[in-house]
Amino acid sequence: MQIAADSSQSSFLLYNPDERAICEVPSNMGLYKKNAYFLNEKAEFVTSSIADEKENSNSMAENYPNVEITPNIVPVLQESFIEIKKWEGKISEVDFNKEIFWAFIRDNKFPNIEEETYFSFDDIDENDQNLVEEGAIFYWSIGYKRTLSGGREKVSIILFRRLPAWNIEQKKVDDKIEKLKKLFTDEHPSR
Amino acid sequence: MSLPKLEVDGLSIVFIGTFNPSIFQPQWLVAQGLISQSEASENENQIQIISPQVSSFKLTMGAISVTPQRFQIIANKSPYFEKVRDLVISIFGILQHTPIIQMGINWDRHYKFSTEELWHEFGHKLAPKEPWKNILQNPGLSSLRIQGKRTDDNTGLILVTIEPSKGYSIQYGAYLQINNHFDIQHLLKENSSLGCAPILELLKKNWFESQNLRDKISKEIMGV
């Protein structure tokens, strides 16, 4: 990885020698060699004339009047995927013995139309199999994968939505409350 | 006229605000339950830099780069677009006090024309060469940017960029970028304690509209 100043010296480009630049760093950001660490052993700085970090202490309004919002530097991420169709699904029932689950799916382009279908656990990436539970949200895409050599292969990909840890904890609390509520209302209807 | 083929379909979400880059690292995402440990481990050698001034690493779903003023995540595989959106919403749902004043929902597409003639024809259609013929030798379209007003109630703009395709081995390729730009500086000036809630709300509300806009512009400009 390298860092190079651009011609105007107003920013620095961070890039890999074998890729295009990955990130633009304004020069008033105070990028210090001692603070950065690289996993790539070949890492080097090709410039060290970096402005004082204190320059970065202006108010936000002064800092961002005309900031370019587009990712002007796009990394090359090699393979790509051309989508034919995509659905969002919500699991309605899971049979862990048979390793299948049923779900309501909606086409992204026609969100008002809902269909029910089932999937095998084998259709899912191993890393996502622990996310299979009733109510889980997933995205199912069918399309062409464009390989590095430019070839195409038709693939189906199912990816599960992952909730933040605090959200999962909250969900557990909510489930517990729901169970307790049920217990009181079902077994003790007079209360 | 034979239509070009879509070869690469990409998305990037860019935030402008005040960030602490060193927070952003795969293990922090694992600790928050936003990615799995196996995803972090699989991409361990994809960490490019983590420092107080800049953080940059790749995950299976995309590449994240953060500086004190900018957060961006880039994905070039459409199955991951929703995962990327969810990840961004989850990250800043946790870092809810992060002040974010601008957002770009950007769509990046690369198309392939079947012949050189069709590729030139496309460039000539968007940028006629007549005015340049007596000034430049063999003029060609290098980059074209057209900006338009938003048609909704939000502040910001729509910026469309067309260039010859670079970075991917696409012969006779054209690159189309649609920058759906939102600016809420006025809101945060009035109430700086809003953090990133207004921008996240805009991202959620405009997700489908932004895709519709992408499809409409792609259809009008590229024909597909």
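**Aromatic pairs and burial in a predicted model**

Colleague: Why is A:Phe160 called buried?

Modeller: The relative accessible area of A:Phe160 is 0%, and since buried means under 20%, the residue is classed as buried. Please keep in mind that this is a predicted model. A:Phe101 is likewise buried, because its relative accessible area is 0%, which falls under the cut-off of 20%.

Colleague: How many aromatic pairs are there over all chains, and what makes the pair of A:Phe101 and A:Phe160 edge-to-face?

Modeller: The count over all chains comes to 22 aromatic pairs. For A:Phe101 and A:Phe160, the ring centres are 6.2 Å apart and the planes stand at 70 degrees; pairing asks for centres within 6.5 Å and edge-to-face for planes over 60 degrees apart, so this pair is edge-to-face.

Colleague: Where in chain A do these two residues lie?

Modeller: A:Phe101 belongs to strand E6 (residues 100-107) and A:Phe160 to strand E9 (residues 152-160), so that, being 59 residues apart, they link distant parts of the chain.

Colleague: How do you know how to class the pair of A:Phe119 and A:Phe138?

Modeller: Their ring centres are 5.5 Å apart with planes at 80 degrees, and because planes over 60 degrees apart count as edge-to-face, the pair is edge-to-face. A:Phe119 lies in strand E7 (residues 110-120) and A:Phe138 in strand E8 (residues 137-146), 19 residues apart, and both residues are buried. One aromatic cluster takes in A:Phe101, A:Phe119, A:Phe138 and A:Phe160, and its members also include A:Trp87 and A:Trp140.

Colleague: What makes you say that the charged end of B:Arg150 sits over the ring of B:Phe182?

Modeller: That charged end is 4.0 Å from the ring centre of B:Phe182, where the rule asks for a distance within 6 Å and a position within 35 degrees of the ring normal. In chain A, A:Arg152 lies over the face of A:Tyr144, at 5.7 Å from the ring centre.

Colleague: Why does B:Ser78 count as buried, and which residues is it in contact with?

Modeller: B:Ser78 has a relative accessibility of 1%, which is under 20%, so B:Ser78 counts as buried. Leaving aside neighbours within four places in sequence, the contacts of B:Ser78 are A:Phe81, A:Glu83, A:Lys86 and B:Asp9.

Colleague: Which residues of helix H4 (residues 116-126) of chain B are buried, and how do you know where they lie around the axis of H4(B)?

Modeller: B:Leu118, B:Phe122 and B:Gly123 are buried in that helix. Seen down the axis of H4(B), the buried residues fall within an arc of 140 degrees, and therefore they line one face of the helix. Among the elements covering them are strand E8 (156-164) and helix H6 (197-222) of chain B.

Definitions and conventions
Residues are numbered from 1 along each chain as its sequence is written. Chains are lettered from A and ligands numbered from 1 in the order in which they are written. This is a predicted model: local features need pLDDT of at least 70, side-chain atom pairs count only at pLDDT 80 or more; totals for chains, interfaces and linings use all residues. Side-chain values use heavy atoms; hydrogens and water are left out. Rings of Phe, Tyr and Trp (its six-membered ring) pair if their centres lie within 6.5 Å; planes under 30 degrees apart count as stacked, over 60 as edge-to-face and the rest as tilted. Helices (H or I, at least four residues) and strands (E, at least two) are DSSP runs, numbered from the N terminus. Buried means under 20% relative accessible area, exposed over 50%, partly exposed in between (1.4 Å probe, protein chains only). Contact means heavy atoms within 4.5 Å. The arc is that of the directions from the helix axis to the C-beta atoms.
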